[in-house]
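Have the viewer open as you read.

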Amino acid sequence: MKNLITILFCFTALFYANDAQSQNKTSPDYIKGGYYQLIYEAKIADLEGNEDLAFEKLSQAEKRCP
């Protein structure tokens with residue numbers, strides 16, 4: 001019986017530790033970071049034939065939100 005309680009306690013502790021760790025992760029904010037705007041500008045530049053500007057915009061977007 002003691003072993004069962006110990007095992008249940010360990011699983012509970014691991015579950016809460018994993019849950020707390022996953023809540024601490026912050027995902028990038030794509031809207032506030034300007035990610036979508038840079039992607040949009042890159043698409044326009046690509047359609048206009050300006051590949052260098054499109055690549056620059058895509059690189060900026062990736063730096064802001066990897």
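First, a definition: a residue counts as buried under 20% relative accessible area, as exposed over 50%, and as partly exposed in between. Keep in mind, too, that what you're looking at is a predicted model.

Now try that scale on Leu53, which sits in helix H3. Its relative accessibility comes out at 33%, so Leu53 counts as partly exposed. Lys57 is also a residue of helix H3. Here the relative accessibility is 19%, and that is why Lys57 counts as buried. For the chain as a whole, 12% of the 66 residues count as buried. The protein exposes about 5,900 Å², with carbon and sulfur atoms supplying 59% of that area.

Zoom out to the fold. There are 3 helices and 0 strands, and reading along the sequence gives you the pattern α-α-α.

How do helices H2 and H3 pack, and at what angle? H2 covers residues 35–47, H3 covers residues 51–64, and the two meet at an angle of about 165° with their axes 8 Å apart. Angles over 145 degrees count as roughly antiparallel, so H2 is roughly antiparallel to H3. The crossing of H2 past H3 is left-handed.

Who makes the contact? On the H2 side you'll find Tyr35, Leu38, Ile39, Glu41, Ala42, Ala45 and Asp46, while H3 brings Glu51, Leu53, Ala54, Lys57, Leu58, Gln60, Ala61 and Arg64. Sorted by class, that contact of H2 with H3 has 9 nonpolar, 1 polar and 5 charged residues.

As for Leu53, pick out its C-alpha atom and that of Lys43: the two residues are 10 apart along the chain, and the atoms are separated by 9.8 Å.

Notes:
Residues are numbered from 1 along each chain as its sequence is written. This is a predicted model: local features need pLDDT of at least 70, side-chain atom pairs count only at pLDDT 80 or more; totals for chains, interfaces and linings use all residues. Side-chain values use heavy atoms; hydrogens and water are left out. Axes are lines fitted to C-alpha atoms, for helices over the stretch in contact, and angles run from 0 to 180 degrees between N-to-C directions. Helices (H or I, at least four residues) and strands (E, at least two) are DSSP runs, numbered from the N terminus. Angles under 35 degrees count as roughly parallel, over 145 as roughly antiparallel, 65 to 115 as roughly perpendicular and the rest as oblique. A crossing is left-handed if the near helix is turned anticlockwise from the far one by less than a right angle, and right-handed if clockwise. Contact means heavy atoms within 4.5 Å. Ala, Val, Leu, Ile, Met, Phe, Trp, Tyr, Cys and Pro count as nonpolar, Asp, Glu, Lys and Arg as charged, and the others, Gly among them, as polar. Buried means under 20% relative accessible area, exposed over 50%, partly exposed in between (1.4 Å probe, protein chains only). Accessible areas come from the Shrake-Rupley method with a 1.4 Å probe; for residues, only the protein chains shown count as cover.
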